Amino acid sequence: MAPDLTPVQQERLRAIHSRYTQPTFVTQLALLAVLLLIPVTFSSFRVIDVTSKIMIFTIVVASYDVILGYTGLLSLGHSMFFGIGAYSLALVIYHASSPSWYHLLIAAAIALGLSVTLALVIAFFSLRVKAIFFAMMTLALAEFTDILAVQWYDLTRAEDGVSFKMPGIFDVGWSGPTIGPLELNGRVMTYYFILIVSVILFGVMLRFVRSPVGRALKAVRDNESRATALGYKTFHYKIFSIVFGSSVAALAGVMFAMWVGYVSPGSVLSTPIMLNILLMVIIGGLGTLYGAIVGAAFIKITETWLPDMQKVAEALLPKSDLVHRLAERWILYFGVLFILVVFFFPKGFVGTARDMIKRRKAKAGR
Amino acid sequence: MAAQAGEQALRLSESELDLKKWVLWALSVGIWFVPLVWIDPITYLTLTIAGVTMGMLLFLTASGLTLIFGLMDVLNLAHGAFFAWGAYAGFSLLNWLNAKGWVELAGVGQSVGSLAMVLGVTLVVGALLGVILERIIIRRTYGNHLKQILITMGASLVMIEIIKILWGPNDEVILVPAAFRDSWDLFDVIVNKFRVVAILVGSLVFAAIQISLQKTRLGITVRAGVENRELVQILGYNIRRIFTGVFAAGAALAAMGGVMFAIFKEQIYPGMGEENLIFALIVVIIGGMGSVTGSFLGAIMVGLAFNYVAFLVPKLALGVNIMIMAVILLLRPKGLMGRE
């Protein structure tokens with residue numbers, strides 16, 4: 001190795017050389033293979049549904065992690081950007097007389113435009129004072145957007161929600177040829193589309209946090225005054241991070257609307273969505289990006305099979321009104337879980353796992 | 001020579017600052033008469049009373065939030081849950097009192113008595129819940145904003161779900177003491193009786209907070225704690241107990257705001273606290289975080305603006321609060337009365 005390289009450059013070179021032998025790389029490939037094979041092996045709608053939602057929420061949570069975990073800014077309005085994306089697609093398709101594939105592009109463009117503008121405005125107003133201002137502003141704006149969507153019936157059809165049909169091959173009713181065990185239909189095509197876009201977006205985010213910009217963001221998170229002293233314009237970097245994370249979330253929102261085919265304030269804009277994202281990011285681990293996969297998978301799988309457990313509880317104690325009432329309130333357990341995780345598991349799965357690996361390595365090294 | 005020029009420049013900027021301040025004051029006072037261009041004076045007065053009422057109700061909630069933030073540096077997102085708990089506690093008490101004939105069929109004295117009882121009980125309920133939450137949860141998170149926000153969000157969720165378990169998830173109608181139900185007609189200006197009560201209670205609370213913060217020994221300690229926590233501790237005050245007290249007071253104010261708001265709207269539902277929390281947050285941001293006077297001004301500003309705009313351009317009513325917030329933050333990034 002050339003002696004005139006800086007330590008950082010040496011580290012990078014080493015990382016590039018061992019790129020394809022890393023356990024991470026193998027895991028990535030395995031995960032990708034599993035995701036590719038899911039529509040082939042499982043014909044049940046539920047599994048495909050959960051998997052695609054996991055992918056979408058992985059993107060949302062990872063983009064949130066860019067803002068919270070890598071830059072250290074607590075945004076409470078991430079669901080707003082997600083909702084903006086979802087509503088962009090829903091409304092564009094709903095109001096188009098004959099929806100076509102390019103409406104998808106228009107919706108994505110609208111979602112990006114809106115979210116970038118909004119993120120810039122929020123950042124400009126709130127970052128000038130204190131970090132906590134940002135949390136308050138985003139919370140206020142997110143709630144406001146939620147109320148707006150509920151009240152503005154002419155545009156958003158309020159709580160009735162907007163249901164729409166995707167055009168062309170993404171239409172649920174579309175059915176194509178059968179290749180081996182895989183029957184191509186609208187659902188499967190949408191699934192693969194979401195898979196491709198998610199992989200691309202996740203790759204972009206990975207690249208982003210490892211780029212010089214990403215490293216500067218970590219510096220801002222860890223010690224802002226020092227980063228300023230080193231000559232970084234921390235204000236610009238923060239804005240960049242917010243705009244980037246928010247627009248990725250908006251794109252994920254577009255995918256969500258595409259998959260579900262129905263958008264309502266309760267399903268994309270309300271506070272529980274934001275809490276969901278927060279819980280996912282914490283369970284996965286802050287500042288790890290891969291944690292997003294774990295967190296999203298954990299929550300979405302629990303969410304899907306929890307009602308079953310509820311039925312079991314009701315079947316066991318059929319007469320008790322209290323049990324029924326308790327079982328109905330699954331958000332309660334969700335909240336308790338939330339508090340417990342924040343207290344006792346603050347690093348999340350990936351963070352804890354990394355710590356363990358590091359400790360083991362340190363022991364082996366000694 | 002150079003020094004003189006510098007001094008002159010300084011003086012100039014000072015006078016500029018003065019001018020800016022005056023313009024700000026003139027604007028913030030004058031703007032409330034602008035609606036008179038479109039609204040006839042009698043409607044204007046009715047709307048103004050409605051606006052001030054709304055402002056007072058908002059202030060009750062926002063004051064607790066800003067107090068807790070100012071002293072403890074805690075952004076309490078469970079504030080909305082205290083609000084809802086207050087409303088539901090008041091609801092139960094009013095039902096109980098009604099069985100004794102103190103609400104629906106009450107005379108003036110009984111109405112006042114039952115309202116006072118309701119306010120007292122909700123204050124106690126709020127304070128108790130506040131103490132519990134502070135002791136069990138928030139105490140462990142001092143100094144870590146992220147954790148505080150997450151924990152209080154989680155706590156809020158749990159508290160609201162418990163409301164749903166205890167009282168059911170549906171909207172309920174809250175009873176209004178008979179003496180406060182109708183309205184007076186003063187020269188065609190319709191004055192709802194409960195609005196007068198709300199304005200009275202709000203002003204009383206504002207005065208009480210100001211007096212206890214400015215004049216009492218406890219208030220001085222609290223203010224000193226805001227300025228420099230360590231130094232107060234060094235002087236031998238148990239800052240932890242003061243923290244618990246302030247948190248309980250904030251929660252009690254939220255609970256009282258909740259029951260007042262519920263009686264004002266004559267209905268309650270579990271999500272009411274969360275919806276009100278945004279308004280309280282906006283008010284606190286406008287007023288400057290940690291400033292009670294600021295949030296008082298901010299609350300009245302928001303209340304008035306909401307009512308005028310709701311009358312003139314109903315569609316804009318919800319957006320106007322955000323717009324006020326944006327304008328104030330443009331002019332004063334720290335809010336009306338915010339400090340470093």
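Let us take helix 10 of chain B, which covers residues 272-287. Start with its packing against helix 3 of chain B, residues 79-99. The two axes lie 7 Å apart, and the angle between them is about 130°. Helix 3 of chain B and helix 10 of chain B are therefore oblique to each other. Their crossing is right-handed. If you want to find the contact on screen, look on helix 3 of chain B for His79(B), Gly80(B), Ala81(B), Phe83(B), Ala84(B) and Ala87(B). Their partners on helix 10 of chain B are Met272(B), Gly273(B), Glu274(B), Asn276(B), Leu277(B) and Ala280(B). Sorted by class, the residues of this contact are seven nonpolar, four polar and one charged.

Now follow helix 10 of chain B to another partner, helix 12 of chain B, residues 317-331. Here the axes come within 9 Å and cross at roughly 20°. That angle makes helix 10 of chain B roughly parallel to helix 12 of chain B. This crossing is left-handed. From helix 10 of chain B, the contact uses Phe279(B), Ile282(B), Ile285(B) and Ile286(B). Helix 12 of chain B answers with Asn321(B), Ile324(B), Met325(B) and Ile328(B). Seven of the residues in this contact are nonpolar and one is polar, with no charged residues.

Helix 12 of chain B has a further neighbour, helix 11 of chain B, residues 292-312. Their axes come within 8 Å and cross at roughly 140°, in a right-handed crossing.

Chain B has 12 helices and four strands. Its radius of gyration is 22 Å, close to the 20 Å that the globule rule gives for 340 residues, so chain B is as compact as a globular protein of that length. Along the principal axes, its C-alpha trace spans about 85 × 55 × 35 Å.

What about the partner chain? Chain A has 17 helices and four strands. Its C-alpha atoms fill a box of roughly 65 × 50 × 45 Å along the principal axes. The two chains touch, with 30 residues of chain A in contact with 27 residues of chain B. On the chain A side, helix 6 of chain A (131-151), helix 13 (271-284), helix 15 (321-328) and helix 16 (330-344) each give two or more residues. Helix 6 of chain A gives the most, with 12 residues. By class, this side has 23 nonpolar, three polar and four charged residues.

Finally, a word on confidence. Chain A averages a pLDDT of 84, and 95% of its residues score at least 70. Among its elements, helix 15 of chain A has the lowest mean pLDDT, at 67, while helix 11 of chain A, residues 234-260, has the highest, at 91. Where pLDDT is low, the predicted coordinates should not be read in detail.

How values were computed:
Residues numbered from 1 in each chain as written. Chains lettered and ligands numbered in written order. Predicted model: local features only at pLDDT ≥ 70, side-chain atom pairs only at ≥ 80, totals over all residues. Contact = placed C-beta atoms within 7 Å. Nonpolar A, V, L, I, M, F, W, Y, C, P; charged D, E, K, R; others polar. pLDDT = per-residue confidence, 0-100. Axes fitted to C-alpha atoms, helices over the stretch in contact; angles between N-to-C directions. Parallel < 35°, antiparallel > 145°, perpendicular 65-115°, else oblique. Left-handed = near helix turned anticlockwise from the far one by under 90°. Rg over C-alpha atoms; globule rule 2.2 N^0.38 Å.
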